[in-house]
Amino acid sequence: MKTFARLFDRLDRTTATNAKIEALIDYFRSADPGDAAWAVSFLTGRRIKRLVNTRELREWAAAASGLPLWLVEDSYEHVGDLAETLHLLLPPADTGSPAPGLASMVNDHLLALRAADDDQRRRAVLEMWRRLDGSERFLFNKLLTGGFRVGVSKRLVTRALAEVAGVDSSLIAHRLMGRWQPTASFFGGLVAPQSDDDIDPAVPYPFFLAAPLEDEPETLGEPGAWQAEWKWDGIRAQLIRRAGQTYVWSRGEELMNGRFPEIEAAAEQLPDGCVLDGEIMAWRADKPLPFALLQRRIGRKKPGPKTLADAPVAFLAYDCLESDGQDIRTQPLAMRLRQLDLALAAAPDLRRSGAIDFQDWAELPALRASARERGVEGLMLKHLDSPYRVGRKRGDWWKWKVEPYTFDGVLIYAQPGHGRRSGLFTDYTFAVHDGEALVPVAKAYSGLSQAEIDRLDRWIRSHTRERFGPVRSVEPVHVFELAFEGIAASRRHKSGIALRFPRIHRWREDLSVADADSLADLQRLLEHEPA
Amino acid sequence: MSQDLLQPDAGGLYCAAGDFWIDPLRPVPRAVITHAHADHARSGAGAYFAAREGLPVLAHRVGASGNFTAVDYAQPFALGQTRVTLFPAGHILGSATVRIESEAGTWGVSGDFKRAPDPTCAGFEPFACDVWLSECTFGLPVYRWPPTAEVIDDILEWWQGCREAGRPAVLFCYALGKAQRVLAELDTRATGPAWLHGAMQPLTEVYRRQGIKMIATRPVSEADKGYRFAGDLVMAPPSAAGSPWMRRFPKHSAGFVSGWMRIRGHRRRRGYDRGFVLSDHADWPALVETAQDMRAGRVITIHGSGEALAGHLRESGLAADCWNLRASLQADRPA
């Protein structure tokens, strides 16, 4: 725990990427492999299931620090991070008994809480709070509460591990895919030199992600060198057929086997040693269905016959990463697409996401503008010579999304944010007119500059009308233009509509509340969405 | 008590019995000023009363042409129907708390104060009063200051690290008070010079003229063109962060000295590499302890988020409430 805390301090005390990588390399070279395995697990965003509920933690911390519970709650609202709040409130540690190593902390102390009864859990946590101080106690609380964001991306961890192992970082990314247990032997394999058979058949390849196209497509050069495809509004997925088994992985590296039986059945016809990249879509009779239908499938681990009939899905393949057991990611896209056609010829129940025919860049804006009525998100532009890269790399694959919808909404509620926005009112609720009333339609967190956030925060503090816990209602004065990607009817929302991915476009200080949009304006957009 | 001795007014407090204001933000005929920070001292008052040690800085801030009366600590003087005494607040050089004795009882008013020792100013002196108006900038129990010596150790260690890496160590802090306190703490422990941003230079000179011992300093403007400040300590106000001025310090590491640095999120959203928890305000334990030391039956929290402290003091049996002095600025603004 001590070496891990030292690593955390080094990472936390710099904003420079190189200094962070250096700190990670030093740690991975010197740490116990069992500890390092857990460090990789946490730093790449894996979490252990919450072991203690936060209500209990607050109560125990209140008792241990001699404070009333409401003062702990007020403090949490101010700090915006529960692990940190508890750490700051607790009395200084009785130093003397050193903290266990990270692996021992997780295995012998944290995971052991799962089997313990309430009283044992309370005593175990209080005991650790007494033993640990400084960053160790903060990190212990972080592990206890589940979340672990410390300003290090998975990409940085991957680069540092690649340096330690002396292999390419795409191989590390591959080794980090799929399911693994954070053990000393896993860490040993992670930093081992390259070998022929170090990848398990179930392990997916890292996904290649397109970057948003900010300029006009003309800037990409010769149109003949590019392929245009529809950008599907589904779940990006990798379909693996190896050793007689099928694996369906989401881009979030979740194994989705069992959820989409029609896709697994279709994949059985694929030749062995074949890996496809594509999109899982709600789909019926050659047409995409709204994303809301797909959402019904996402939550179902074992869908019943009614769900399968109401929300049918299809796999739309657009790339082939492995053919005949060979990794073909370095081949140009045009070659891979030929392998894709061969594979799909054997598996007719999987669909091909085809190329869009175009001769000239000038044809694309109209196609993009038609995206919404076609039920797609926009266009993908891929260079025909492009290899299948790892992660988000600019240059070869671009996504050119349709312009978002926008509306003008009134700020009515605000709530403090978390992490680097802790203590600032940054979580906003916006409303539109509904007759005489204002009805909330969207929550948004992003889109304002730091200067605007600061200014709005001060305004909210001095114009609060009511408080509901951490939420404040404010005078309806400020109007914001909000962008969103889609709209669906919803019975769960008071407004009767649900917006997808709302975010703030700009602060419309030129508008007054009377100028904001109405619910009827938004309802009209429902008609534009595919039914 | 039918009518309180003090009322929020003009962004500060008005005492009708003495016909004077404490720390008003708008021009008034007679102002008692606790210290020269901009949220307590503004130009335009008809007459200023302030602690003798604080006058040079106050004159620097509000203009030397003001009508100033120097007041000695612990020496009562009459204002209207009241007797007023200033006591050291321990906040910055020449900062004061105000005791007002009147027929309506004795009130104590803090501008800002701290209890931790500070080589640049006299330490806080508690006095008995019936009502204590306490600042509450850091009014939550998460604010608990580490010992100053530990923080100075951390600053020196960071500076040493920058020296070894050949990078400028840019330390941000408030130009009045905090900067001089850090320079004074460093005096016996490091060799200078430390470079100063233009906003800190004159104030630091004022401190030196009053006999405050600090590490040697030089204005950044005196450095040779193209000098890269490798391994040097540079002090600057927070407003300089992100400004073009910062281009003079390539590859610098940025630290910020403030009580707010107790919270990780506060540091991260400003993009500082290091936060050093050193404040010129009382932390939570000191706020609670001071409320007891003043032996007041009633506490009113001002300047900051006072609701939590007021609630906590009420639970411990005191009468306590929270006044918003800023609101008094808006109230008499034409609607």
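Helices (H or I, at least four residues) and strands (E, at least two) are DSSP runs, numbered from the N terminus. With that settled, here are my notes on the model.

1. Ground rules. This is a predicted model, in which local features need pLDDT of at least 70 and side-chain atom pairs count only at pLDDT 80 or more, while totals for chains, interfaces and linings use all residues. Residues are numbered from 1 along each chain as its sequence is written, and chains are lettered from A and ligands numbered from 1 in the order in which they are written.

2. Chain A overall. You will find 20 helices and 22 strands in chain A. The radius of gyration, taken over C-alpha atoms, is 26 Å, close to the 24 Å that the globule rule gives for 531 residues, so chain A is as compact as a globular protein of that length; the rule is 2.2 Å times the number of residues to the power 0.38. The C-alpha trace of chain A spans about 70 × 70 × 50 Å along its principal axes. Of its 531 residues, 38% count as buried. Here a residue is buried if 20 or more other C-beta atoms lie within 10 Å of its own, exposed if 12 or fewer, and partly exposed in between, with C-beta atoms placed from the backbone. Two residues are in contact if their C-beta atoms, again placed from the backbone, lie within 7 Å. Among contacts in chain A between residues at least 6 apart in sequence, 71% join residues at least 24 apart.

3. Chain B overall. Chain B has eight helices and 19 strands. Along the principal axes, the C-alpha trace of chain B spans about 65 × 45 × 45 Å. In chain B, 51% of the 335 residues count as buried. Of the contacts in chain B with a separation of 6 or more, residues 24 or more positions apart account for 58%.

4. Nonpolar cores. A nonpolar core is a set of buried Ala, Val, Leu, Ile, Met, Phe, Trp, Tyr and Cys residues joined through C-beta atoms within 7 Å. The largest one holds 213 residues, and Ala39(A), Val234(B) and Met235(B) touch the most other members. Strand β8 (residues 313–323) of chain A contributes the largest share of this core, eight residues. Apart from it lies another core, of 28 residues, including Ile412(A), Ala414(A), Phe430(A) and Ala431(A).

5. A closer look at Met235(B). Leaving aside neighbours within four places in sequence, which residues is Met235(B) in contact with? They are Leu171(B), Cys173(B), Ala179(B), Ala194(B), Trp195(B), Leu196(B), His197(B) and Met200(B).

6. The α1(A) and α9(A) pair. Helix α1 (residues 2–12) of chain A packs against helix α9 (residues 134–145) of chain A at an angle of about 95°, with their axes 9 Å apart. Axes are lines fitted to C-alpha atoms, for helices over the stretch in contact, and angles run from 0 to 180 degrees between N-to-C directions. The two helices are therefore roughly perpendicular to each other, a label used for angles of 65 to 115 degrees. From α1(A) the contact takes Lys2(A), Phe4(A), Ala5(A), Phe8(A) and Asp9(A), and from α9(A) it takes Ser135(A), Glu136(A) and Leu139(A).

7. Where the chains meet. The contact takes 16 residues from chain B and 21 residues from chain A. On the chain B side, α5 (264–270) and α7 (307–315) each supply at least two residues, and α5(B) gives the most, with five residues.

8. Lys178(B). This lysine is placed in helix α3 (residues 178–187) of chain B. Lys178(B) counts as buried because it has 24 C-beta neighbours inside 10 Å. Leaving aside neighbours within four places in sequence, Lys178(B) is in contact with Cys173(B), Val257(B) and Asp280(B).

9. Backbone points to check by eye. Most residues other than glycine have a negative phi, and most peptide bonds are trans. The peptide bond from Gly192(B) to Pro193(B) is cis, with omega near 0°, and Pro193(B) is found in the loop between α3 and β13 (194–196) of chain B. Asp324(A), not a glycine, has a positive phi of about 55° and sits in the loop between β8 and β9 (326–327) of chain A. Phe501(A), not a glycine either, has a positive phi of about 50°, and its place is in the loop between β21 (497–500) and β22 (503–507) of chain A.

Note on methods:
Angles under 35 degrees count as roughly parallel, over 145 as roughly antiparallel, 65 to 115 as roughly perpendicular and the rest as oblique.
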